[in-house]
Amino acid sequence: MSARSTLTELHLRHAIPTRHQVVGAATQRRYLNQFICKAPQSSIPQDVSPSSSPATLPRFRLAVKDNIATASSDLPTTCASRFLPSYKSPFEATIVTQLRARGATVVGKTNLDEFGMGSHSVHSAFGAVVNETDGNGQGDGPRLSAGGSSGGSAMAVAAGEADVALGTDTGGSVRLPAAYTGVVGFKPSYGMLSRHGVVPYANSLDTVGLLAPSAAAISDLVIGRRSNSKSSLWAEHDPKDPTSLLPAARERCAQHRRGYHEDRAEDWPSTLQGLTFGIPLEYNIEELDPCIRDAWAAAAALVRHELNARIVPVSLPSTRHALSAYYVIAPAEASSNLAKYDGVRYGRRANDDTSDSDAADGVLYAASRGQGFGEEVRRRILLGSYTLSSEAMDNYFIQAQRVRRLVRRDFDRVFALSNPLAPEEDRSFDLSDLPDHVVLEDKFGPSEVDFLLCPTAPTLPPRLEDVFQQKSPVDAYMNDVFTVPASLAGLPAISIPIEVSATSGNVSQQPSNNVAGMQLIGQYWDDARLLAVADRMAKLFSDEHH
Amino acid sequence: MARIPMAELSRYLLSGQLCRHGCLRAQTLLRPIATSSARYMTTQTENKSTAPPAPTLDNQPVPLRKQLKEQARALKSTGKKKKKNTDNQTVPGWELTVGIEIHAQLNTARKLFSSAATSFNDTPNSHVALFDVAMPGSQPVFQPETLIPAVRAALALDCDIQRVSRFDRKHYFHWDQPSGYQITQYYEPFARDGKVMLHSRDGIAAEDGDSITVGIKQVQMEQDTAKTTAQPGEVQWLDFNRVGVPLIEIITLPVIHHPATAAAFVRKVQMLLSSVDACVSGMETGGLRADVNVSVRRTDDSDTATLGTRTEIKNLSSFKAVEDAIIAERDRQIAVLESGGVVEGETRGWSLGSTETRRLRGKEGEVDYRYMPDPDLGPVVIGHDLVSHLADSITGVLPDVEVEDLMKRYGLSSKDALALMLLDDGGRVQYFYNVLAALEARLGDDNTTSTSDRQHALLVANWCLHELGKLTDLSSDLQMTAEGQCRVPSAELADILFHLHQRQITSKVAKELLWRSYRGDLGPNGVTRTIESEGLWFEELPDREYAELADAAVQGEEKVLAEFLRFKEGKSKAYPQGKLMFLVGRMMRSGPEQRMDPASAERVLRARIDEVYIPALESKL
């Protein structure tokens, strides 16, 4: 293999893949740009809509975010990057294999922010994903942000082109697009679903997430329809992913949780009654859109009435540092993970025929990296390279890791269930360590909850034109403020759609899309109950509206 | 003492997969191990094809033959170093301080983070897992069996094995490093606080006395990089078979103050690693490489805590290079300071045979490695049971014990014992045991008493070291295996030595037979039948004929004979051995040499002098 020669350039000759040939106007109603590449029609069976017959394997259409490896020769894995415009992975991601074994047919690879870095799916080498609403039924609604980075996957589900879509959630990249497009987006506990074949952005935060019209569809895949857990994703360890929990650890975690071994058809619904939901006070931020705040209050009231739930305020004091910590840790890991894109073995190689591009500074890879990466990716690589540098490490990376630990302790303190992965000495909390403003429920401390209920995003989806006009690129980071804490703590979280009242917001500034996302966060490995509660709540929200 | 653990552990670890010989890795000898300016930045040699490529300083190819000769010479002279270089070891008024980092390839079947096999001369790019070439979405999977040689090495270096250790990413760009970072153990290495005892027989500087202890700061596991082979036309070929192969890096405290001691330390570490079978090959074949950190300060300052500014010399590939580079760098730093200058903290290089180190890059050229804990890899937890099991398994095989054993049991000199241990990565001493065992078997058949003295063992040691060494300049030509077999089959050498020991052949004939065995000319006849068929048996003159030759030799040498009389009368203190040997020489020249043994000639001559000629002289007076 030659470091200098042609191997890496072989792929380049394809240039931009044949998206326009495959994704025609007929299949994509409008130019939503949610797919980077679609599987040929011939490869998709016509009767792939969910089968109701229990006798046959339920077949469904699966859209795969394009930073998850697919081995089919029709489906390159581009990560929406100019670096990998036609990169064909020699292997398939474990999660895709697992879902195909459960009846999935891959219908295409969806658009995203390059390598998963972004909150509006606009930083793509293939153009922005468009979240276009119907407006008055005439197809001339405003062009909104689909959220990011799994915006293409969310839109594929919202547009009815996939029954389930795979996304990746590093700091909210599944939940935020779900909220903006009115679908359900689920981020599992870290280590539950295999990341093998997922092109990493920030390994310690990355999770594979699922998007679907309903939480039930996701639950069927992850938890299983019946108590037959052998066939469920949650029980499957992947030896190729070193962060995938070992079978013994999965079983140990499940022993202290409900929903993994019960038969859901029978005693399950009753357990959803009388739960305690915490309202994190620190999430009631100044920037919170009033219509979202109203929807939040309405959701809490609905849950109290219909599910006989207790609603209690809780305090997560480290929340205000979580976003900063995230934007230190994630770019640091990203700068490291993306170091492999040097154009030597695969991917785009800067044209060095003249030698000028590379020789100018005597660096083999500089021109390739400068040309291959988009602006946002370059920004995060630089940010991460700085925070890892020896002079800044202690002030940024190390501090951020400390904040991360505090965020996890915050969650562990408010949840009634303990975190099975926390070290033993971390499981008890001294009341004297609590901040002063935390309200104590009784002499034993503040109240403990089953789930946290909060909005997924502080606003409704912004218009794309506004996104492009944001003065500072950091403005977009604000959208992650409610989703990042669960990512830092590795907890399961889900965004479910809720209609917002058009009258409560400032209508003139709001797009006509009036759906928002309500987020539920659970303790580690409480995914089964989280999905069941989310499904129940989503139905309540939808019934209420109609 | 049998060196069973070598073979036993090989089977245990490798299921016979590892090719141990024929693995000269010429291109790797001067490969920078961890970093250098050339590694992360340069493609200068690759473009602008009109100009001759600028020499990338630390990648200058040195012919393998030259390199090996250099090393063989260094090895031969090790025993003398102490005396020869005494004046090199110190500079009055200055104190030298040296710290050493040694990189060694671990003896494992699999790579550190993938199940691809480790290999040497296999087809390039035939043992490469997805992770090894950093395919997007691939992940590292730690291979726990790599811990076995790593922990054995750390135990041989007397380290505390850490229960929990972690892997970190060290970032720098080079084409031989697919992921853009090397996975190493920076923050939490798996072993700390070791020590190595060096004795004077190890070749330490005389100033360090009988023995000195060198503290080991830490030992860490890390990945090797791909192998680069330069091709004509400014093309580099990459062999990713080597990428991800496990290494250990051994880091000493800055406690060494003499160049010879530094070289002795590296030699000793190689011997320790080889004796516990932790390492695939030694410095001669590129399996072990050293970086040294050098600083000097005036002896007046040596009670203060601060050392002088240090420079690092990268990638030294022989013991001699370690010593010579340190001497050269020490002298350079002293010259700089004495002329009022300041020593810059920088990285320097050294090429064999040179007299000065050269600057590779200064502080401003340093890479910031941006060490970061690897977020994919969990901590490594090493259980106490594994440590104690491995500690048991290396008991009794450490080289100091074996050197003592060779000296005590067989009467070898410390120098010869050490040389045996060191040659051919431990293969030579194994060969010694094999020849000795075969010889003793034959001696036992013929004469049960002759093994009780140690003469035969000394004979074997002498031939295994010196006569075998005379066959070729390059010890690699012997094709010695770890099991102790080479081009001269141990059984044939044992046969030769048996006949020599029994005085059935002369040593001249024995040497001729050795040479033919080396060339494979003995054929199916073997030693004994070759002697038989070619009439090479030593048929010694009877004493009567020796006496006749003695009489002839003494003829006309009355002056010489008078010396013997003076001795007998007590007029001179020393027996005139020189005169005696002069007369023996005359005997040998005048008689049939192939039938004569100088020892016999001497014995008979001496008897004739004592019994015939001295009485004759006395009676004359």
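Guide: Let us begin with the axes: they are lines fitted to C-alpha atoms, for helices over the stretch in contact, and angles between N-to-C directions run from 0 to 180 degrees. Helices (H or I, at least four residues) and strands (E, at least two) are DSSP runs, numbered from the N terminus. The model is predicted: local features need pLDDT of at least 70 and side-chain atom pairs count only at pLDDT 80 or more, whereas totals for chains, interfaces and linings use all residues. Residues are numbered from 1 along each chain as its sequence is written, while chains are lettered from A and ligands numbered from 1 in the order in which they are written.

Visitor: What makes α14(B) and α16(B) oblique to each other?

Guide: Helix α14 (residues 490-501) of chain B and helix α16 (residues 526-534) of chain B cross at roughly 50°, and their axes come within 8 Å. Angles under 35 degrees count as roughly parallel, over 145 as roughly antiparallel, 65 to 115 as roughly perpendicular and the rest as oblique. The pair α14(B) and α16(B) is therefore oblique.

Visitor: Which residues of α14(B) and α16(B) meet?

Guide: From α14(B) come Glu492(B), Asp495(B), Ile496(B) and His499(B), and they meet Gly526(B), Val527(B), Thr528(B) and Ile531(B) of α16(B). Two residues are in contact if their C-beta atoms, placed from the backbone, lie within 7 Å. The contact of α14(B) with α16(B) divides into three nonpolar, three polar and two charged residues (Ala, Val, Leu, Ile, Met, Phe, Trp, Tyr, Cys and Pro count as nonpolar, Asp, Glu, Lys and Arg as charged, and the others, Gly among them, as polar).

Visitor: How do you know that α10(A) is oblique to α14(A)?

Guide: Helix α10 (residues 319-337) of chain A packs on helix α14 (residues 394-414) of chain A at an angle of about 130°, with the axes 9 Å apart. That angle makes α10(A) oblique to α14(A). The crossing of α10(A) and α14(A) is also left-handed (the near helix is turned anticlockwise from the far one by less than a right angle; clockwise would be right-handed).

Visitor: Which residues of α10(A) take part in the contact with α14(A)?

Guide: His321(A), Ala322(A), Ala325(A), Val328(A), Ile329(A) and Ala332(A) in α10(A) do so, meeting residues of α14(A) that include Tyr396(A), Phe397(A) and Arg404(A).

Visitor: What makes Asn315(B) count as buried?

Guide: A residue is buried if 20 or more other C-beta atoms, placed from the backbone, lie within 10 Å of its own, exposed if 12 or fewer, and partly exposed in between. Asn315(B) has 22 C-beta neighbours inside 10 Å and therefore counts as buried. Asn315(B) lies in strand β12 (residues 311-316) of chain B, and has a positive phi of about 65° although it is not a glycine.

Visitor: Why does Arg503(B) count as partly exposed?

Guide: Arg503(B) has 13 C-beta neighbours inside 10 Å, so it counts as partly exposed. Arg503(B) is in the loop between α14 and α15 (507-519) of chain B, with a positive phi of about 60° although it is not a glycine.

Visitor: And how is Arg487(B) classed?

Guide: Arg487(B) counts as partly exposed because it has 15 C-beta neighbours inside 10 Å. Arg487(B) lies in the loop between α13 (455-470) and α14 of chain B. Leaving aside neighbours within four places in sequence, Arg487(B) is in contact with Leu478(B), Gln479(B) and Tyr518(B). The C-alpha atoms of Arg487(B) and Tyr518(B) are separated by 5.6 Å, although these residues are 31 apart along the chain.

Visitor: How do you know that helix α6 of chain A is mostly covered?

Guide: Seven of the eight residues of helix α6 (residues 215-222) of chain A are buried, among them Ala215(A), Ile218(A), Asp220(A) and Val222(A). Just after α6(A), Gly224(A) takes a positive phi of about 105°. In chain A, buried residues make up 54% of the 546 residues.

Visitor: Which domains make up chain A?

Guide: Chain A is divided into domain 1 (13-44 + 56-269 + 483-496 + 507-545) and domain 2 (319-433), with bounds from an automatic or database domain assignment. Their contact takes 34 residues from domain 1 of chain A and 30 residues from domain 2 of chain A. On the side of domain 1 of chain A that touches domain 2 of chain A, α16(A) gives the most, with five residues.
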